[in-house]
Amino acid sequence: MAGRLTGRKALITGASRGIGRSIAEHYAAEGADVFLVATGLPQLEATRDAALKHGHKAIIHAADVSDRHAVEAMIAACVDQLGSMDVLVNNAGIYKAARFIDYTPEDFDQVMQVNTHSVFHSMQFALRHMKATGGGKIVNVASTAGKWESMNQGIYNTSKHAVVGMTRCAALEHARDHITVNAICPGFVETDMIDQFSVHAELNGITPDAMQKALVERVPIGRMLQPDEIAHLAVYLASTESDGMTGQTITISGGMRMG
Ligand SMILES: NC(=O)c1ccc[n+]([C@@H]2O[C@H](COP(=O)([O-])OP(=O)(O)OC[C@H]3O[C@@H](n4cnc5c(N)ncnc54)[C@H](OP(=O)(O)O)[C@@H]3O)[C@@H](O)[C@H]2O)c1
């Protein structure tokens with residue numbers, strides 16, 4: 001039986017672990033060839049091996065997505081090695097918590113470069129390619145932090161708000177090019193990134209365990225999300241099932257944020 005992504009060629013950034021790894025595995029399971037990117041190759045190898053089990057192509061590529069030249073080369077390599085690129089998933093990201101007043105200008109630059117500039121660079125090259133080839137799908141992994149306020153992570157929220165803005169504007173400008181651009185806005189997802197929330201414990205003068213409990217208490221379904229739950233939505237947004245949807249910023253947060 002054909003998968004929901006049979007024949008698709010998908011580039012996924014931040015595919016070495018967490019949400020990106022799960023998206024890569026689900027895309028491969030649904031029939032896509034996948035081009036997997038992170039800064040280092042060793043961690044990507046496990047994702048590639050898991051993806052290859054589904055019988056389609058899986059290629060790994062080391063690139064720092066905050067570097068425009070590296071992003072241009074990454075997309076060219078994907079097109080060269082997979083034959084095209086129909087789907088781009090901008091998932092790579094970093095997290096840095098601090099009181100707004102305490103962030104350094106270097107913190108601001110680093111978070112914006114990795115979370116925001118990267119999306120600008122890759123969307124520009126991808127849109128040019130997709131326009132020339134007759135269409136495509138862009139899925140940006142933003143965050144609930146891209147639509148709402150949060151304590152002690154102002155720069156992260158700023159970087160994700162910009163991703164939401166770019167998603168909507170690019171979607172509008174390319175709607176007639178058969179290109180959809182949507183964003184997924186997850187709440188708390190159990191990955192390595194969540195471990196960095198221990199900084200919030202320090203800032204609030206509580207233990208990491210108490211912090212973890214407080215986070216889960218904020219989620220109406222009573223638990224954090226698993227990477228797979230984000231990947232299911234990413235499959236939908238890469239498939240023809242979502243052709244009528246563009247410029248959307250879809251919240252998946254166990255009910256923590258509604259609307
Ligand atoms: N976990 C959550 O609760 C949550 C909630 C909302 C949104 N998100 C967003 O979801 C996305 C994935 O997060 P995650 O939780 O899966 O985080 P994660 O487990 O820390 O994974 C982050 C991924 O991004 C890659 N990466 C980081 N900097 C990079 C760079 N400069 N160039 C290329 N790749 C880079 C990492 O690989 P290397 O380090 O090997 O390069 C890794 O594969 C992020 O955009 C994050 O902001 C996460």
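**View 1. The crossing of helices α3 and α4 in the predicted model.** In this predicted model, the axis of helix α3, which spans residues 68-82, comes within 9 Å of the axis of helix α4, which spans residues 105-133, and the two cross at roughly 35 degrees. The crossing in which α3 passes α4 is right-handed.

**View 2. Residues at the contact of α3 with α4.** From α3, the residues Arg68, Val71, Glu72, Ile75 and Val79 take part, and they meet Ser118, His121, Ser122, Phe125, Ala126 and His129 of α4. By residue class, this contact is made up of five nonpolar, four polar and two charged residues.

**View 3. Serine 159 and its surroundings.** Serine 159 belongs to helix α5, which covers residues 154-173. When neighbours within four places in sequence are left aside, serine 159 is in contact with Val111, Met112, Asn115 and Thr116. Glutamate 202 lies 43 residues from serine 159 along the chain, and the C-alpha atoms of these two residues are separated by 23 Å.

**View 4. The shell of residues around the ligand.** In terms of residue class, the shell around the ligand comprises twelve nonpolar, 13 polar and three charged residues.

Terms used: Residues numbered from 1 in each chain as written. Predicted model: local features only at pLDDT ≥ 70, side-chain atom pairs only at ≥ 80, totals over all residues. Near = placed C-beta within 6 Å. Nonpolar A, V, L, I, M, F, W, Y, C, P; charged D, E, K, R; others polar. Helix = DSSP H or I, 4+ residues; strand = E, 2+ residues; numbered from the N terminus. Contact = placed C-beta atoms within 7 Å. Axes fitted to C-alpha atoms, helices over the stretch in contact; angles between N-to-C directions. Left-handed = near helix turned anticlockwise from the far one by under 90°.
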